[in-house]
Amino acid sequence: MKYLSSPNNQELKRLRLLFEKSKERKKQGLFVIEGLREIEKAVLGGYKLKTIFIQEGSESSFSEILKKLNAEFIFCIEKSVFDRTSIRSGSEKIIAIANTKTHTLEHLNHSNNGIILVVEAPEKPGNIGAIYRTAAAAKINSIIIANPKTDFYNPNSIRSSLGSIFLVPTAIAPSFKVITYLKNKFYKILTATVETNALSYLECSFKRPCAIIMGAESSGLSSPWIAATDQNLIIPMHESVDSLNLSVSAGILMYEAQSRK
């Protein structure tokens, strides 16, 4: 295990770039995972670890788990340098760099008789992470992100998902391709909208296979989804409230769909 004490070390410079720059993550095909729980879930989800950084003084705490993580390179980082590099101020004491995956529709692995959640143009990494945490808990088959506006491997998405983002099969594609994919697979398309003909989610059968389509909080769903839908759905709310948080709405619909066996 090599010891690093200078913040100007090339390995630490690359780590900071991967933390901060989506462009670098895409260019290098690498991303950062902070925290043992998240790292273990990434390995469980089939991600390959390239490098691990341990905070000085924590080597013995991770000695056994490091054997199982099987990273290519392991470094011990001087504590003050580690704290300045970590976005969690060193509270987790372990950071990994991992290889990204391919997220095409063709690579999507899901049950032909299941539930897909589609989220169009999500903007907030925290919302994305929260959606994945709920999707993993609700045993949703897969998630498709349509017309993405943020990097899938944003550290804030990973953190807010508590690593669940690694456990749900995911595809990323333009909306028009997702619509074609779902129709070719004979999925019933259920769009969460406020259209006048929307049906309360409580009255929907969620007959499988079905895809629940959610739009961004600011703009809702784009017109191609409204045209392609089999059923518009609405979550009834008190008249004093005009909207729900995206991750909350998605959670309600995912659990309701799973409850209809």
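Are Phe 53 and Phe 75 buried or exposed? Select both: Phe 53 is buried, and Phe 75 is buried too. Here buried means under 20% relative accessible area, exposed means over 50%, and partly exposed lies in between, with a 1.4 Å probe and protein chains only.

Before going on, note that this is a predicted model, in which local features need pLDDT of at least 70 and side-chain atom pairs count only at pLDDT 80 or more, while totals for chains, interfaces and linings use all residues. Residues are numbered from 1 along each chain as its sequence is written, and side-chain values use heavy atoms, leaving out hydrogens and water.

**Aromatic pairs**

The whole structure holds 8 aromatic pairs. Rings of Phe, Tyr and Trp (its six-membered ring) pair if their centres lie within 6.5 Å; planes under 30 degrees apart are stacked, over 60 edge-to-face, and the rest tilted. Stay on Phe 53 and Phe 75: this pair is stacked, at 5.7 Å centre to centre with 20° between the planes. The two residues are 22 apart in the chain, Phe 53 in strand E3 (residues 49-55) and Phe 75 in strand E4 (residues 73-77). Strands (E, at least two residues) and helices (H or I, at least four) are DSSP runs numbered from the N terminus.

Next, select Phe 152 and Tyr 153. Their ring centres are 4.9 Å apart and their planes stand at 85°, so the pair is edge-to-face. Phe 152 is buried at 7% relative accessibility, and Tyr 153 at 6%.

**Asn 127**

Move to helix H6 (residues 125-137), where Asn 127 lies. Asn 127 is buried, with a relative accessible area of 10%. Leaving aside neighbours within four places in sequence, Asn 127 is in contact (heavy atoms within 4.5 Å) with Glu 217, Asn 245, Leu 246 and Ser 247.

**Cysteines**

A disulfide requires two cysteine sulfur atoms within 2.5 Å, and the count comes to 0 disulfides. Cys 204 is buried at 4% relative accessibility, and Cys 76 is likewise buried at 4%.
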